[in-house]
Amino acid sequence: TIINFAIIVLVYETYKIIEYFISKKIKPKEIVIKNKFKVQKILISLAIIGFIIPLINFIFFGTKGTNYTMLLPFLSVFFLSDAYLIKFKTPITFDIIKHNRVSIYSILITSFLIIFTHELINTFAYEWRYINIPFMQF
């Protein structure tokens, strides 16, 4: 679990760095949030639910379905960071909903870089093997 947290932080920090450089080239879209406190409470609630669901799933069903429910803590990190950042700037989730090009490009480039630097290495090294990947049958 510590390695999962480290990977989440790595991905998020990579996103923030890329967003910084892209925002120098493309002007970000301004999004006004009227009731920041209410939105902050909703984001925190979603994050808490996202952390609790895998635990509940494990308690009641064991490892069955764990590969699907473990996606939620990854989303919860974004919800928590957005709940904190809403005081200072527009959250990532709102940028995506409102089609902010800077955020969308940053996510796409970050995904490509993480796949290239992390996953491509394993293509030839065979250091790890994936099992129980969510949505693997699609």
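This report covers the fold, the surface, the salt bridge and the aromatic pairs of a predicted model.

## Basis of the model

Residues are numbered from 1 along each chain as its sequence is written, and side-chain values use heavy atoms, with hydrogens and water left out. Because the model is predicted, local features need pLDDT of at least 70 and side-chain atom pairs count only at pLDDT 80 or more, while totals for chains, interfaces and linings use all residues.

## Fold

The protein has 6 helices and 0 strands. Along the sequence the pattern reads α-α-α-α-α-α. Helices (H or I, at least four residues) and strands (E, at least two) are DSSP runs, numbered from the N terminus.

Contacts here mean heavy atoms within 4.5 Å. Take the contacts between residues at least 6 apart in sequence: 75% of them join residues at least 24 apart.

## Surface and burial

The protein has 138 residues, and 28% of them are buried. Buried means under 20% relative accessible area, exposed means over 50%, and partly exposed lies in between (1.4 Å probe, protein chains only).

The protein exposes about 10300 Å². Carbon and sulfur atoms supply 73% of that area. Areas come from the Shrake-Rupley method with a 1.4 Å probe; for residues, only the protein chains shown count as cover.

## Salt bridge

A search of the whole structure finds 1 salt bridge. The term requires a side-chain nitrogen of Lys or Arg within 4 Å of a carboxyl oxygen of Asp or Glu. The partners are Lys16 and Glu19, at 2.7 Å from N to O.

Both residues sit in helix α1 (residues 2-25). They are 3 residues apart, so about one helical turn separates them. Lys16 is partly exposed, at 21% relative accessibility. Glu19 is buried, at 9%.

## Aromatic pairs

The structure holds 2 aromatic pairs. Rings of Phe, Tyr and Trp (its six-membered ring) pair if their centres lie within 6.5 Å; planes under 30 degrees apart are stacked, over 60 edge-to-face, and the rest tilted. Tyr20 and Phe21 form an edge-to-face pair, 5.3 Å centre to centre with 70° between the planes. Tyr20 is partly exposed at 46% relative accessibility. Phe21 is exposed, with a relative accessible area of 52%.

Phe112 and Phe116 make a stacked pair, because their planes lie at 20°; their ring centres are 6.1 Å apart. Both belong to helix α6 (residues 101-125). They are 4 residues apart, about one turn of the helix. Phe112 is exposed at 55% relative accessibility, whereas Phe116 is partly exposed at 46%.
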